[in-house]
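Please keep the sequence and the structure in view while reading.

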Amino acid sequence: MASSAQSAFPSRSYGTSLGKLPERSLGPPFGSQQQRENQRLERERELLEKERREKEEQNQLSEEQREEIKEAFTLFDLDKDQKIDYHELKVAMKALGFDLPKAEILSILQTHGSPSEPTNPNLPHHPRLLLPLAQFQTVMTQKILARDPRDEILRAFELFDEGGKGKINLNDLRRVARELGEGLEEEELAAMIDEFDLDGDGAINRDEFLGICLQ
């Protein structure tokens, strides 16, 4: 009787019926957190290094050049928001002696600019790229440092050479002296022409002017 009762209940296997317990998630591994922290520190180092280089470059300019850059930005920042758009950037750079094509100015804005913010939430917003003062100073510093010093000298020559004659004569020197408030006598002005007029035509041409400034 006992044996027949045992056969009525089939044997159960407890060894494999529970299966494998699911693995517990312990969150992202420590290595990933450390990697993100290293990346953050690296970005900070790169930013600090970039700022250091920019400051060193600006220190290579004269005080007058740095002031000219700031004055050009302020003059053409028409809405006085400390940012300039494409048209303002174009005329500001031209005032500093850099008449760049449209594609190059757009490239500067895409590299260094930031999109404008909406002024009225009720109106559709069409963002424009704007260049802040700090970025303008960086761009113009790099442009000026990369410029051939002869270009700067020839710009000065053009300020003397009224009418684009290609020569600076006594009348030009007299006019510039008057504009600068220099009380030079006629004999002194004539002596300046005589000293540097190598070809004896009574005026100073571009090559002669370059020789004066580069000697």
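## Pockets

A pocket, as the word is used here, is an open set of grid points with protein on both sides within 12 Å along at least five of seven lines, and its volume is the space filled by probe spheres set on the points. The model is predicted, and in it the largest pocket holds about 280 Å³ of space. Its lining is made up of Ser62, Glu64, Gln65, Glu68, Glu152, Arg155, Ala156, Glu158 and Leu159. Two elements, helix 3 (63–76) and helix 7 (149–160), each give two or more residues to that lining, and the largest share, five residues, is that of helix 7. Sorted by class, the lining of the largest pocket consists of five charged, two polar and two nonpolar residues.

The second largest pocket contains about 200 Å³ of space. It is lined by 14 residues, of which Phe160, Leu173, Val176, Met192 and Phe209 are the closest to its centre. Helix 8 (170–179), helix 9 (186–196) and helix 10 (206–214) are the elements that give two or more residues to this lining. What is the class make-up of the lining of the second largest pocket? It has 13 nonpolar residues and one charged residue, with no polar residue in the division.

## An enclosed cavity

Rolling a probe the size of a water molecule over the atoms shows where empty space is left. Unlike a pocket, a cavity is a set of points where the probe fits but cannot get out, and the count of cavities of 30 Å³ or more comes to one. About 40 Å³ of space lies in the largest cavity, and the residues that line it are Gln65, Glu68, Leu96, Ile144, Arg147, Glu152 and Arg155. Helix 3 and helix 7 are the elements that give two or more residues to the lining of this cavity. By class, that lining has four charged, two nonpolar and one polar residue.

## The buried side of helix 5

Helix 5 covers residues 102–112, and its buried residues are Ile105, Ile108 and Leu109. These residues lie on the same side of helix 5 because they cover an arc of only 95° around the axis. An α-helix has 3.6 residues a turn, so residues three or four places apart point the same way. On the face turned away from the buried side, helix 5 carries the exposed residues Ala103, Gln110 and Thr111. The cover over the buried residues of helix 5 includes strand 1 (83–84), helix 4 (86–95), strand 3 (129–132) and helix 6 (133–146).

Ile105, in helix 5, counts as buried because its relative accessibility is 0%. Beyond its neighbours within four places in sequence, Ile105 is in contact with Tyr86, Leu89, Lys90 and Leu100. His87 is 18 residues from Ile105 in sequence, and the C-alpha atoms of the two are 9.4 Å apart in space.

When neighbours within four places in sequence are left aside, the contacts of Asp172 are with Phe160, Asp161, Glu162, Lys165 and Lys167. Among these contacts, Phe160 is also one of the residues closest to the centre of the second largest pocket.

Most residues other than glycine have a negative phi, and most peptide bonds are trans. In the loop between helix 3 and strand 1 lies Lys80, with a positive phi near 55°. Gln82 has its place in the loop between helix 3 and strand 1, and its phi is also positive, near 65°. Lys80 is exposed, with a relative accessible area of 53%, whereas Gln82, at 45% relative accessibility, counts as partly exposed.

## The chain as a whole

The secondary structure of the protein chain comprises ten helices and five strands. Of its 215 residues, 23% count as buried. The accessible surface of the chain is about 16,000 Å², and carbon and sulfur atoms account for 54% of that surface. Among contacts with a separation of 6 or more, 48% are between residues 24 or more positions apart.

Key. Residues are numbered from 1 along each chain as its sequence is written. This is a predicted model: local features need pLDDT of at least 70, side-chain atom pairs count only at pLDDT 80 or more; totals for chains, interfaces and linings use all residues. Side-chain values use heavy atoms; hydrogens and water are left out. Buried means under 20% relative accessible area, exposed over 50%, partly exposed in between (1.4 Å probe, protein chains only). Helices (H or I, at least four residues) and strands (E, at least two) are DSSP runs, numbered from the N terminus. The arc is that of the directions from the helix axis to the C-beta atoms. Contact means heavy atoms within 4.5 Å. On a 1 Å grid over the protein atoms alone, a cavity is a set of points where a 1.4 Å probe fits but cannot get out, and a pocket is an open set with protein on both sides within 12 Å along at least five of seven lines; lining residues have an atom within 4 Å of a point. Ala, Val, Leu, Ile, Met, Phe, Trp, Tyr, Cys and Pro count as nonpolar, Asp, Glu, Lys and Arg as charged, and the others, Gly among them, as polar. Accessible areas come from the Shrake-Rupley method with a 1.4 Å probe; for residues, only the protein chains shown count as cover.
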